[in-house]
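Here are a few exercises on chain contacts and helix packing. Grab your viewer and work through them in order.

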Amino acid sequence: MQETGDVSVFAIRFFKEAFKPRYEISEFIRQCFVIGYKSLPLIGLTGFIMGLVLTMQLRPSLIEYGVESQLPAMVGIAIVREIGPVITALIFAGKIGSSIGAELGSMKVTEQIDAMEVSGTNPFKYLVVTRVLAATLMLPVLVMLGDAISLFGSYLGVNIRGVTSFHLFYTQVFDNLAFGDVLPAFIKSFFFGFAVGIIGCYKGYYSAKGTEGVGQSANSAVVVSSIVIFVIDLVVVQITDLLNLN
Amino acid sequence: MKEQVLIQAEKKKESSGDVLVVKHLYKSFGSNKVLNDFNLTLVNGENLVVLGKSGSGKSVLIKCIIGLLMPDSGVIELFGRNITDLDHEELDKVRAKVGFLFQSNALYDSMTVRQNLEFPLRRHWMHVTQQEVDNLVQEALEDVGLAHTINMMPAELSGGMRKRIALARTLILKPEIILYDEPTTGLDPVTGKEIIELIMTIQKKYRSSSLIISHDMTCVRLAADRIVVLINGRCYAEGAYDELKRSVDPGIKQFFE
Amino acid sequence: MKLGMFVLSGLLFLIVMLYMIGKNRNIFGPAFILKAQFENVQGLVPGNNVRFSGIQIGTVKKIHIINDTLIEVVMLVDDKMEKIIRNDAIVSIGSDGLMGNKVINISPGRSAAPFVTKEEILNTRKALNTDDMLLTLSQTNHDISVVAAQLKIAVQRVNNSTALWTMLNDETLPKNLRASAANVQLATAHAAIVAEDLHAIVYAVKSGKGSLGSLLADTSFAIALQNAVEKIKGVGDKADELALSLNSVISGVQHDINTGKGPVNALFKDSSMVTRISNSLDNIQRGTDAFSQNMEALKHNILFRGYFRKLEKQKNRENRQSIVAH
């Protein structure tokens with residue numbers, strides 16, 4: 001409970017500092033590269049496997065109901081609406097949340113954050129704002145690419161048994177998607193990214209002294225941000241339901 | 001012309017007077033009173049050692065001086081300006097003239113030695129050319145005798161080398177005051193001694209003032225022009241090494257045994 | 001550079017995805033409005049697809065209630081269709097697969113009527129209710145098989161010459177025959193209704209629409225269904241004919257009896273008629289068998305499986321109850 005309040009204060013500080021000059025542009029771009037681009041292989045691989053496996057798992061039950069032809073549509077909706085954003089965000093939390101938590105934690109412990117402060121740099125801006133922004137903006141991009149790769153995996157999954165042309169596959173997928181499927185998923189991935197970034201930074205920034213503290217911050221950054229991802233997902237579902245975006 | 005005179009006058013005042021004055025400093029964490037009416041003066045050009053046991057509040061003191069911690073009350077004057085009254089921008093300007101050597105070196109792990117040294121340069125001095133930066137980095141590394149490590153990562157260096165790189169990073173802005181937070185801690189006695197000697201050499205070269213925080217008597221003996229003993233958050237005693245060594249006060253004696 | 005490529009490709013996929021969806025939703029192309037009014041829209045919602053002879057041509061834009069019995073559906077239709085849809089086209093509501101979304105089907109009219117104009121209100125057709133249809137179908141089948149069985153017994157008796165005298169002396173025979181005739185007539189009426197409904201389904205199946213449409217992608221089933229319809233129709237016609245013949249037989253027999261010519265005489269008077277009756281009955285039997293087979297096929301179709309299972313369960317329950325009662 002206490003922690004929720006602290007994270008909120010931390011997030012408010014983020015918004016205050018993020019819009020004040022000076023802007024750490026080059027560090028932000030470097031973080032985007034590290035957080036976004038470097039996560040792509042992992043996200044791509046998991047996404048690909050998810051798409052493939054999901055397709056192969058769904059096929060028998062669809063055959064049972066005689067609607068095998070709906071396979072691409074079902075997989076497409078499942079990936080775009082839910083599995084793409086959430087799985088990507090969880091992998092992202094595991095990779096980026098822990099690395100931010102550990103990095104800032106060790107910087108805190110070895111006084112690097114203090115050193116920055118002394119060197120005329122606002123460490124909050126330089127370390128936290130850049131990372132949180134990068135995570136917030138890069139996760140949606142990763143989700144989109146993850147979706148694309150997942151769908152490709154699913155296409156291969158469809159073709160393991162039986163033959164479906166790529167054209168038919170994507171026509172089926174997109175025919176059954178609506179803006180109400182894509183946009184909430186896209187928008188919620190910003191929140192996922194923000195949550196991973198801000199929690200990772202919070203845990204690292206207020207890491208306990210010693211190497212144990214660093215490990216702890218990395219660990220709890222992943223655990224907490226994973227839980228928060230599910231909570232956000234729940235809230236977003238409720239909101240889209242209320243707004244009748246389905 | 002007038003400006004120059006003013007600057008010279010200021011320099012003169014500084015060179016003759018006190019660069020750092022700490023008055024009635026209080027700082028507590030919860031119920032633990034770490035600094036309790038602490039007073040200290042650093043005269044230009046001297047090497048002052050603050051001697052104290054672990055946990056006596058030495059590190060808190062030095063972090064208050066650089067503005068990393070906010071004192072509960074009291075005055076900290078750097079070059080005649082009370083840093084507790086300064087806003088962030090002005091504080092940064094003052095900090096540019098103060099070097100700080102961290103106990104754990106605080107080298108940025110994700111950067112090379114060169115980037116580590118460039119970082120404070122680019123941060124404090126916005127308008128420097130690449131050529132100037134390169135020259136300054138080269139000079140600072142030569143001062144500590146590690147010019148060949150310029151493209152290495154901190155993790156590749158030994159403890160003593162890291163301490164020297166940290167020192168080089170502290171020196172690169174040519175500070176007027178250098179604050180040393182236990183410079184020999186974590187080093188073997190031989191390397192520790194080398195570092196102290198290096199500190200002395202550098203001080204002579206740049207004619208800066210030093211405030212050294214330590215409990216290592218070798219360091220104290222070699223470096224101190226004057227010693228302040230910090231016990232129970234107060235300035236317990238003050239004097240030169242030899243004076244204090246002759247003291248019969250048990251509080252002081254414990255350090256020299 | 002790499003980062004730029006990375007971000008760009010991510011955004012590109014988003015845009016492609018939105019564009020593909022938008023294209024389906026007719027947001028990016030020029031479109032015009034068509035309207036239709038229904039009593040019941042069966043859960044149609046804005047955004048549902050509009051199809052013309054099975055081709056995606058637009059989406060439902062708005063649905064509003066005009067009064068307590070009339071609901072207006074506003075459709076956004078591709079501009080190109082303005083020169084294709086004629087104003088006698090029929091609008092109906094169907095569903096995209098058994099569990100799928102509702103869709104609007106626009107079927108072309110038959111005549112060369114003028115093309116639709118913008119905002120025109122098109123004619124509608126009430127959606128077919130599968131459940132009702134199946135119920136009637138089953139009832140008809142049952143009726144026909146009863147009639148056929150009765151007739152068969154009757155014919156066997158006629159054919160069995162040793163029993164002929166007894167049979168002819170039996171005064172109840174004409175009554176039975178008359179009752180059979182009445183049953184046949186009833187069955188015929190049922191069959192006619194079913195045939196009509198089935199015709200509509202088959203038509204819808206053929207054009208790939210209607211509630212059965214998407215699920216019954218299997219065209220062989222559609223053909224089987226049509227055959228069934230044809231056969232039912234045939235049965236119906238035959239039964240009609242038969243009923244007439246029976247009527248005349250009965251009246252002949254009665255007349256003969258009444259005029260004292262004797263029933264035997266009367267029966268043998270026109271041997272060709274007996275043959276005809278027999279043929280008709282065989283035909284009816286064949287028709288009923290074929291129909292039963294079709295019903296069997298229907299039972300095995302996944303669509304109706306649930307329905308027939310329910311029926312079977314009910315039957316079992318009744319059987320059990322009757323056994324208990326005994």
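**Exercise 1.** How many residues does the contact take from chain C and from chain A?

*Solution.* Keep in mind that this is a predicted model. Start by counting each side: chain C puts in 16 residues, and chain A puts in 20 residues. Next, look for the main contributor on the chain C side. That's helix α1 (residues 2–24) of chain C, which gives the most to the side touching chain A, with 13 residues. Finally, sort that side of chain C by class: ten nonpolar, five polar and one charged.

**Exercise 2.** Work out which elements of chain B give two or more residues to the side that touches chain A.

*Solution.* Count first: 14 residues of chain B are in contact with ten residues of chain A. The top giver is α4(B), with four residues.

**Exercise 3.** Describe how helix α4 (residues 71–109) and helix α9 (residues 210–242) of chain A pack.

*Solution.* Two packed helices are described by the angle and the distance between their axes. For this pair, the axes of α4(A) and α9(A) come within 8 Å and cross at roughly 150°. Angles over 145 degrees count as roughly antiparallel, so α4(A) and α9(A) are roughly antiparallel to each other. Now the hand: the crossing of α4(A) and α9(A) is right-handed. To finish, the residues of the contact of α4(A) with α9(A) come out as twelve nonpolar, eleven polar and one charged.

Conventions: Residues numbered from 1 in each chain as written. Chains lettered and ligands numbered in written order. Predicted model: local features only at pLDDT ≥ 70, side-chain atom pairs only at ≥ 80, totals over all residues. Contact = placed C-beta atoms within 7 Å. Nonpolar A, V, L, I, M, F, W, Y, C, P; charged D, E, K, R; others polar. Axes fitted to C-alpha atoms, helices over the stretch in contact; angles between N-to-C directions. Parallel < 35°, antiparallel > 145°, perpendicular 65-115°, else oblique. Left-handed = near helix turned anticlockwise from the far one by under 90°.
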